[in-house]
Amino acid sequence: MTFPLGAAVIMFRRTLCVLGIVAALLRCPVAWAFEPEEALLPARPEEIEFAPLDFKVPDAKQFRRTLPDGTVVFVAPSHEFPLVTVSIVFKGGASLDPADVPGLVASAARMVREGGTEDAKPAAFDEALDFLATEIGVGSNDAFTTATMNCLSSNLDESLALFVGMLRKPGFDEGRLETSKARLLEALKQRNDDASSILSREWKRLLWGTDHFESREPTATSVAAMTTKRLREVHARLFHPGNMIVSVTGDFDEPEMLGKLAKAFAGWKKGPAVPDPVAPTAQLSPGLYHVPKDIPQGKVVMGMRSIKRDDPDAIPLMILNDILGGSGFTSRIMQQVRSNEGLAYSAASAVAPKVWYPGQFQARFESKNATVALATKIILDLVQGVRDEPVTYEELETAKLAAIETFPRQFESKPAMLRVFVNDEWTKRPADFWQSFRDKVSAVTREDLLRVAKEHLDPAQMAILVVGDWEEIAVGDEGKRASMADFFGGSVTHLPLRDPLTLEVLPEAAKPAEAVPAGEPLPAGAKKPVPAGK
Amino acid sequence: MPFLPRAFSGLALPQVAWPWSFLAAILCAVIVAPSAACGQQVAVEEFTLPNGMQFLLVPRNDQPNVVSAGWVAKVGSVNERPGITGISHFFEHMMFKGTDTIGTRDAKRDATFRQEQQKVRGEINHLVWTEQYDKYLRGEIDDPWKPTNDTQALRVLRERLDGLIRAQQGRGDGGAETATIVKDEFDQVYTKAGGSSMNAFTSYDLTCYFITVPSNKFELWAWMESDRLHDSVFREFYSERDVVHEERRMRTDSTPTGRFEEQFDSMFWASCGYSWPVIGWPSDLNSYTEEQAQEYWNIYYRPGNLVGVVVGDFDATEAKAFITRYFSRLSAGKKAPPPVVTLEVEQMAEQRMNAEGDFPPAVEIRYHTVPAGHIDSYPLDMLAEILNERTGRLYAGLVEGRELASSARASSDTRKYAGLFAFEAETRGEASPEQLEAAWYEELTKLQEGEIPERELRKVKNRVAAGNYRRLENNMSLLVQLAVAEATLDWQEINDGPRKYEAVSAADIQRVAKEYFAATNRSAAIFRRQKGP
């Protein structure tokens with residue numbers, strides 16, 4: 001760094017040091033030695049020169065091994081701590097739930113962990129694990145079920161035997177199942193307590209339709225139908241070497257580890273891998289929707305269906321979203337809604353592509369009732385703005401640099417790196433995706449962003465969902481900058497609050513949902529929230 | 001955020017001989033050898049600049065190319081007083097608004113805008129505190145701060161303030177030309193450079209700022225952080241309050257239990273500075289002045305009250321050179337932070353709160369205990385561990401055994417100046433909060449009357465020791481632990497704590513169970529679901 005002149009200006013302004021003036025005039029190294037450090041500092045961060053960061057994208061093949069039975073194992077040893085993590089990803093999650101028992105796969109995953117084994121009652125099994133200080137978790141999401149074991153390397157043999165034994169022969173103890181179901185029922189009762197949970201439930205119903213696994217949720221009836229028989233069926237279908245990919249990180253010797261895994265899996269009967277999740281058939285109906293909740297702040301999500309993960313537009317759309325609302329304070333939504341207007345604490349947008357069917361674009365915020373309409377209007381205007389005008393050169397440059405510079409974080413820790421590899425293998429991501437990622441980002445132009453904005457973002461095609469006190473929200477802000485009547489011709493569909501246990505419409509809100517002018521009174525029962533409960 | 005009492009371990013777990021049927025062995029093994037301390041320590045390089053700013057460096061290369069870096073100010077809501085509650089957290093917001101270099105295209109004009117805003121806001125505050133408060137106190141208006149209750153004079157002033165804010169942002173009648181602000185430039189500089197996970201948090205005892213940067217951008221971190229500590233200006237001081245009000249609405253007012261928890265806290269703490277919420281009371285949020293903020297800054301954001309923490313892939317020698325070069329520009333400051341002198345008074349009688357709302361029936365019972373580092377804090381932490389997890393006493397006793405609770409947990413929260421122990425549980429089926437409360441007292445009696453069996457204690461110690469390794473694995477997590485430990489007690493606790501936990505005996509646990517859980521020392525909150533509309 002050499003920037004004595006600019007630094008001297010700062011010094012003059014900030015200090016009344018005679019020596020500093022002398023030094024600046026003489027450019028004298030001896031005089032600099034008496035100077036405060038400040039005098040030598042770059043005036044702005046752009047003046048700092050950085051050494052290049054030498055980052056090579058790791059190649060999955062170098063970490064990929066195959067056991068004699070064909071099971072794929074990714075390995076990445078590291079000896080910093082005396083810990084080992086074995087993670088097994090099984091294909092299939094909520095995607096495999098029968099329509100009449102939503103939540104079945106999640107419950108099965110939970111019960112594999114909680115229900116003991118064929119050889120040990122749950123309490124004894126848990127006691128054994130806890131004494132070893134070994135942690136095991138099993139959980140599922142929409143498309144995958146993951147089982148993870150973390151143990152001290154000194155306990156690896158015992159822990160691995162407990163872990164694999166549990167996965168192969170879970171006990172599904174009846175007592176534990178009852179406890180688990182009781183806990184689930186208590187959780188269901190709380191469904192309408194927090195506005196955020198109402199928002200996310202109703203949004204899924206609007207987005208995916210009500211007959212798709214993405215939006216189906218357990219009810220008291222489906223919880224009752226979660227019998228050990230059905231849990232065992234899920235287990236038999238998912239938990240076998242034909243349907244799993246293993247990854248191991250931590251303090252171990254690779255050949256030994258592969259031997260231990262082969263031994264642990266020996267004789268485990270292989271079945272077929274489960275099919276891919278099916279796409280939803282329903283379409284999103286654009287419009288304004290509202291669910292009642294008596295709180296001083298409206299919670300809003302707005303959005304539309306978007307693209308698949310491997311769509312060629314995925315990278316430009318991601319860059320565009322970063323500029324629009326995906327990159328915190330650097331993005332337009334945060335700057336306008338929070339930083340300039342002070343209307344919300346959090347305000348952001350996201351593109352969430354899906355592997356097997358198109359995902360979604362959504363923007364989210366919360367604001368006091370009077371300014372819900374104003375913040376909604378600002379966000380819709382910003383979405384329209386990226387369709388109408390190219391982003392600035394500076395915005396594009398910032399977003400591209402951010403994507404390129406943060407890219408190594410995908411692979412920052414060994415567990416993170418292996419998670420990428422396992423996911424890529426399961427979802428058949430194109431082999432050169434990560435190798436060429438930064439080049440693809442660099443190649444994105446303003447014209448690309450304008451094109452993808454026009455193609456994939458459209459306020460007229462979006463649904464806006466508001467949870468809150470409609471009477472206060474509908475009228476808008478005091479300054480009359482916006483009201484809810486500004487959207488979709490002033491027509492709103494009041495969605496009823498649903499019974500937390502059955503998800504049926506509550507009797508007092510039984511009037512079917514229909515679009516009414518935004519300024520009109522609420523339908524019966526939709527005015528005040530009905531407390532959850534039995 | 002509570003102090004994270006357990007640092008990572010220097011302990012090896014007991015070796016058990018595993019016969020062919022090791023599960024049977026686990027089930028039968030009642031007596032095991034006590035673990036031996038083997039002393040793996042976090043290698044922290046500590047150094048202090050002549051201006052008093054302390055740094056903790058932990059170079060490690062298992063996660064290449066990234067560095068997590070941050071600093072902690074030893075100031076939190078406990079250092080506040082009525083009238084300025086929430087100002088520590090408000091500072092956390094202001095620290096991202098830039099300096100005379102970052103965040104403005106014209107520092108001089110920007111300063112003029114700020115002075116004008118300060119003057120107008122001063123007039124607004126004066127009118128509100130006098131006329132509006134008077135009307136409120138006489139019952140003529142429902143809220144002295146609500147704009148709909150404004151007098152004509154206040155309306156004019158508010159419009160003038162709004163106009164100044166808009167002009168400063170380039171959104172006023174003069175258009176973009178008048179802007180002196182470069183919007184959120186602090187964030188943009190880091191974003192462009194690959195900074196991620198940038199954030200900050202404020203707790204009762206401390207305020208912590210952190211980010212992860214690529215390894216080659218360490219100098220940028222030193223530039224940016226030393227710049228904002230050297231030269232922070234309170235830009236957008238008045239508009240940012242609206243954001244904090246929204247944050248309060250989101251976290252407290254719009255959540256099912258937020259305001260009840262706030263009330264319970266205020267009831268529990270009688271005299272000490274933990275009795276107000278970190279985010280502050282709404283009337284105080286509206287009232288801070290820039291003078292108060294400047295005074296607070298001068299006292300608490302001086303180098304002697306700050307600790308930098310760096311964890312990740314970096315060269316310590318090079319990092320020290322950058323740190324010395326940049327952070328030396330901070331001047332030491334004349335005034336040391338005043339001591340926190342108000343101690344919590346002894347509670348004389350049981351306190352009880354009955355709450356109804358949109359939440360499940362539940363109970364929380366709290367007891368006053370001891371601050372972080374107190375000799376009894378270790379057995380109290382272990383007592384919580386004995387009760388928690390799936391093999392802990394609460395699960396066995398309340399969830400599975402008596403089938404009263406859907407969940408139950410205990411926690412020991414030891415802060416810098418005081419501590420508490422809490423039992424919390426939610427009901428299952430038809431059980432009532434009162435049944436949960438009674439069941440808790442029964443569990444407590446067992447702990448007071450009988451010593452914890454050796455094997456049960458050993459199990460918990462094993463778990464604590466392994467957990468201490470686990471917490472170390474992530475750079476950011478280690479950074480936060482070091483920052484919290486140093487601001488609350490001493491960073492060495494990270495290395496010393498495990499020995500202290502290992503030394504806790506069953507008799508120690510029994511002793512604290514008898515000492516801190518008297519009925520007169522407890523506060524109970526009973527939560528019930530609100531009946532229909």
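Tutor: Buried means under 20% relative accessible area, with exposed over 50% and partly exposed in between (1.4 Å probe, protein chains only), and 62% of the 533 residues of chain B count as buried. This is a predicted model, in which local features need pLDDT of at least 70 and side-chain atom pairs count only at pLDDT 80 or more, while totals for chains, interfaces and linings use all residues. Residues are numbered from 1 along each chain as its sequence is written, chains are lettered from A and ligands numbered from 1 in the order in which they are written, and side-chain values use heavy atoms, with hydrogens and water left out.

Chain B holds 18 helices and eleven strands (DSSP runs numbered from the N terminus: H or I of at least four residues, E of at least two). Of its contacts (heavy atoms within 4.5 Å) with a separation of 6 or more, 81% join residues 24 or more positions apart.

Within this chain, the axes of α7(B), residues 239-253, and α8(B), residues 258-268, come within 7 Å and cross at roughly 85 degrees (lines fitted to C-alpha atoms over the stretch in contact, with angles from 0 to 180 degrees between N-to-C directions). That makes α7(B) roughly perpendicular to α8(B) (65 to 115 degrees). On the α7(B) side the contact involves Arg248(B), Arg251(B), Thr252(B) and Asp253(B), which meet Gly258(B), Arg259(B) and Glu262(B) of α8(B). By class, this contact has five charged residues (Asp, Glu, Lys and Arg), two polar and no nonpolar ones.

Terms used
Angles under 35 degrees count as roughly parallel, over 145 as roughly antiparallel, 65 to 115 as roughly perpendicular and the rest as oblique.
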